[in-house]
Amino acid sequence: GTSEWLADSYEPRTIAAFQEDLPGPCCGIADLGDGKIAWTVLEPGKVEVYDVEVGFVEWSTEGLDRPQYIALVPGESARIWITSPDNNCIYWLDAGGGALDGGIPVTDPETNETKPVLIEAKGLSSPRGLTFWQDAPKTDPDTDIVSGFVWVADSGNDRLVAFHPESGEAVRTMGQGLIKCPVDVQAMDLEKMAVVSRTGGHVFAQDGSLLFRLNFHMMIGNAVTFDARAEHGLLAVADEYTDRICLFCGHTGAYVRSIAGTGMFSEGTGAHKSLAFHIGEEGYGCKLFFADYKTRRLCKLDVGRQEKPPPPPKPKEAEEEHVRVGKTTKKKKSTGFRTSELGSGSS
C-alpha cells in the first residue's frame, strides 16, 4: 500500500488516555515487542513495563536519577537502555525484570573506577533519544543475537554516537554539520535511520550519508517513531510547539498529513514528548503511543483494524453446518388433511 493508504488507518477520534496522574513528568516511551511497552517517569526516577493486551503494569523499578529516553536493545541478554541528559549517562536495565545491569560510563568491575566516554576527543553531552539499528539480516533463527549498534542523540555535541550493545564502547559517529541539537532518533530498517533536531528531520544511511530530509516545516521536531507496515512505512514526528503529529513517507520523506487535536501540551521549550509505534498480533490492534511531559499522562491512538477477524470455518465444519441447517429447515410433505380431520370419525 501507499503512504497515503497507510495514513488513512490513523483515526484521530480514537485518541484516549490510558495512564493519567502519573507521579511525575513522563519523558520517554518505547515499544518492547511481545505485546509490551515501557516508559520513564522523570521524578521519582521510575521505569514501568506495561502489557498492552492485558492492560496492566507488569513490573516497575525506581531509583534512577532523572531518566528520560528509553529503548530496547536485543541480544543474548536483552537490555533496556535509558538516557539521562542531566547526568550525561545511560542506564542499562535487565529487560526481563528491571534490575540495574550497568551503564555508560562503564565501571571497571575490578577497580570500581568509572571509564569516561570519549570519542573524537569529546564526551557525551546531554544524551537524549536512542535506538538499536540492526545492520545485517539475522542468520540464525535459534539465537537472539542481532548485529547492530545502539545510536544515541548526543545533543550537546550536535552528533549521533554508536555504542556496542554489549560492551558499551563508543565506536563511531555521524551527522556532524547537518544536525543541530538532535533530540530523538529512530531506526527504520537495515538501511535507514531517522533523526529530528533543531534543523528539521533527516534520514541517514549506514555509512553516514544523508538519504533525504523530511520536506515539511515543523516548528521543532522533538520525537520520532516509525510505522513499518506496508511497502515503505510512515515516519511520525511530534512538534515541540504544537499538539500535532506529522506523518511522512518512509521512502522519500514527503509530507503526507498531520494529526491535530492530540491534547499534547504545546507551549514552551519544556514540552518534551515521546512517540512509540506498537504492532499488534498479526498486524491487528496497532497503536501509536505518546507520552506528554507536561500533562503527566500517556495516550494512545488506534491505528487500523483493532479486532482480529474470526477464522473461517473449516471445510468439514462448514459441510456439517450446512447439513444441520438443511435438516432443521426442511418442510414436511403435506397430507392434504388438517389434524382435526384426521382425528375425527364418521358415525
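Let's start with one residue. Arg 66 is partly exposed, at a relative accessible area of 26%. Here, buried means under 20% relative accessible area, exposed over 50%, and partly exposed in between, with a 1.4 Å probe and protein chains only.

A word on the source. This is a predicted model, where local features need pLDDT of at least 70, side-chain atom pairs count only at pLDDT 80 or more, and totals for chains, interfaces and linings use all residues. Residues are numbered from 1 along each chain as its sequence is written, and side-chain values use heavy atoms, with hydrogens and water left out.

Back to Arg 66. Which side chain does Arg 66 meet in a salt bridge? Glu 43, at 2.6 Å, N to O. A salt bridge is a side-chain nitrogen of Lys or Arg within 4 Å of a carboxyl oxygen of Asp or Glu. Glu 43 sits in the loop between strand 3 (36-41) and strand 4 (46-51), and Arg 66 in the loop between strand 5 and strand 6, so the pair ties together parts 23 residues apart in sequence. Glu 43 is partly exposed too, at 43% relative accessibility.

Now the whole chain. It has three helices and 24 strands. These are DSSP runs, numbered from the N terminus: helices are H or I, at least four residues, and strands are E, at least two. Of the 347 residues, 47% count as buried.

The whole structure holds 17. Lys 308 forms one with Glu 282, with the closest N and O atoms 2.8 Å apart. Lys 308 is in the loop between strand 24 and helix 2 (315-329), and Glu 282 in the loop between strand 22 and strand 23, so this pair ties together parts 26 residues apart in sequence. Lys 308 is partly exposed, at 45%. Glu 282 is exposed, at 56%.

Next, Lys 287 and Asp 302. Their closest N and O atoms are 3.0 Å apart. Lys 287 lies in strand 23 and Asp 302 in strand 24, so they tie together parts 15 residues apart in sequence. Buried or exposed, this Lys 287? Buried, at 13%. Asp 302 is buried as well, at 15%. Elsewhere, salt bridges with shared partners join Glu 43, Arg 66 and Asp 86 into one network.

Asp 86 comes up again with Arg 128. Arg 128 is in strand 10 (residues 127-134). Arg 128 is buried but has no salt bridge. The nearest side chain of opposite charge is Asp 86, 6.3 Å away. For charge, Lys and Arg count as positive, Asp and Glu as negative; His and the chain ends are not counted.

Contact means heavy atoms within 4.5 Å. Tyr 69 is in the loop between strand 5 (56-61) and strand 6 (70-73). Tyr 69 is buried, at 4% relative accessibility. Among the other residues Tyr 69 touches are Cys 27, Trp 81 and Lys 273.

Last, the cores. A nonpolar core is a set of buried Ala, Val, Leu, Ile, Met, Phe, Trp, Tyr and Cys residues joined through side-chain atoms within 4.5 Å. How many residues are in the largest one? There are 20, and Tyr 10, Leu 234 and Ile 245 are among those touching the most other members. Elements giving two or more residues include helix 1 (3-7) and strand 19 (234-239). A second, separate core has 19 residues, including Ile 90, Leu 124, Phe 132 and Phe 163.

How values were computed:
Lists of a residue's contacts leave out its neighbours within four places in sequence.
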